[in-house]
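My notes follow the order in which I checked things.

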Amino acid sequence: MIFLSTVILIAGFVALVKGADIFVDGSASLAHRFRVPSLVIGLTIVALGTSLPELAVSTSAALAGSNEIALSNVVGSNIFNLLVVLGLCAVISPVPVERAVLRRDFPLNVVTTLLVLLAVAFPKLADSSLFSLGMEENAGMVSRLLAISLLVLFVAYIVYLICDAKKHPVSEEESSLPPLFKSLLFIVIGLLLIIAGGKAVVYAAREIARSAGMSETLIGLTIVAIGTSLPELVTSVVAARKGETSLAVGNVVGSNIFNLLFILGVSAAIHPVSVNAASVYDLAILAFVTVLSAFFAFSGKRIIRAEGLCMLLMYAASTAFAVLR
């Protein structure tokens with residue numbers, strides 16, 4: 001059984017790598033053809049596409065009543081995206097951050113993360129009982145009202161992106177671009193490989209992890225979150241190596257916004273998500289990491305190698321805390 005899971009894991013990695021390469025090529029050419037900035041493509045098509053594994057896992061978990069996996073998958077994926085995906089891209093090559101991301105997307109990411117944390121933890125913080133709870137005790141709830149609010153905010157964000165892209169088209173010589181059907185075919189094939197690879201990695205990793213006796217929260221925060229975030233990791237690294245840095249940054253920030261607003265919104269709308277104390281601490285870590293990443297981006301309008309290395313070390317520390325607590 002372990003051998004079979006290992007084979008599936010390797011096959012999943014191969015599918016992710018190849019799928020991401022094809023997907024980036026198709027998305028970039030489609031963006032240029034319709035004179036849409038690569039940043040907007042990264043924040044929409046690429047971000048939504050690479051977040052489909054998170055959507056599948058969290059909604060399935062919500063339908064099955066496995067609330068710990070539904071929430072910890074989103075939180076763990078967002079931490080991984082910021083610290084590992086963005087950090088690794090910065091280590092490969094300093095990542096410039098466009099003005100639109102600084103003005104619009106990073107602030108929205110920070111505000112949304114803090115909103116979810118406060119909405120979940122405020123009742124226990126108000127009566128000072130949060131810090132006396134055991135890690136597995138209930139500490140809050142992502143209610144349907146909060147879920148609907150997140151979904152409304154998500155729709156408004158997507159509408160704004162589309163309207164903004166129409167106001168600021170980019171010029172491109174269409175003669176140098178591949179045919180439209182080829183770009184669309186690349187996107188579809190790449191997306192299918194990414195989704196299949198992500199599911200294969202998650203399945204195999206979960207089977208291996210369960211044999212070690214890990215809790216649902218820890219599995220969701222680490223193995224499942226890392227597995228479902230591999231598309232973002234591979235896609236952003238490939239984009240960075242191809243010089244599409246705006247696509248890499250847009251993919252990370254857009255995926256995090258998509259995860260919090262849409263995936264958590266859909267999951268909690270299906271079934272209100274109860275939150276244990278461990279997940280509240282994880283949300284607090286995510287809020288800190290989100291603010292820190294925004295600080296790095298704003299400080300020099302780019303994320304440099306030293307900051308990327310710091311982010312990778314922080315992920316190692318946060319993972320060690322999750323395992324040891």
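How many aromatic pairs does the count come to? I noted that the model is predicted, and in it I counted five aromatic pairs.

I looked up one of them, Phe80 with Tyr315, and found that the pair is edge-to-face, with 5.5 Å centre to centre and 80 degrees between the planes. Since Phe80 lies in helix α4 (residues 67-92) and Tyr315 in helix α11 (residues 305-324), the pair ties together parts that are 235 residues apart in sequence.

Next I turned to Phe154 and Phe262, whose pair is tilted, at 5.1 Å centre to centre and 35 degrees between the planes. Phe154 belongs to helix α6 (residues 144-167) and Phe262 to helix α9 (residues 245-270), so this pair ties together parts that are 108 residues apart in sequence. I wrote down that Phe154 is buried, at a relative accessible area of 10%, whereas Phe262 is partly exposed, at 25%. I also saw that Phe154 and Phe262 form one aromatic cluster together with Phe258.

Last, I went to the surface, where Phe34, Leu180 and Leu184 form a nonpolar patch with about 270 Å² of accessible area together. Is Phe34 buried or exposed? I noted that Phe34 sits in the loop between α1 (2-33) and α2 (38-50), and that Phe34 counts as exposed because its relative accessibility is 52%, over the 50% cut-off.

Terms used: Residues numbered from 1 in each chain as written. Predicted model: local features only at pLDDT ≥ 70, side-chain atom pairs only at ≥ 80, totals over all residues. Heavy atoms only, no water. Patch = residues over 30% accessible without salt bridge, like charges linked within 9 Å, V, L, I, M, F, W, Y side chains within 5 Å. Areas by Shrake-Rupley, 256 points an atom, 1.4 Å probe, with all protein chains shown as cover. Salt bridge = Lys/Arg side-chain N within 4 Å of Asp/Glu carboxyl O. Helix = DSSP H or I, 4+ residues; strand = E, 2+ residues; numbered from the N terminus. Buried < 20%, exposed > 50% of the residue type's maximum accessible area, 1.4 Å probe, protein only. Phe/Tyr/Trp six-rings, centres within 6.5 Å; stacked < 30°, edge-to-face > 60°.
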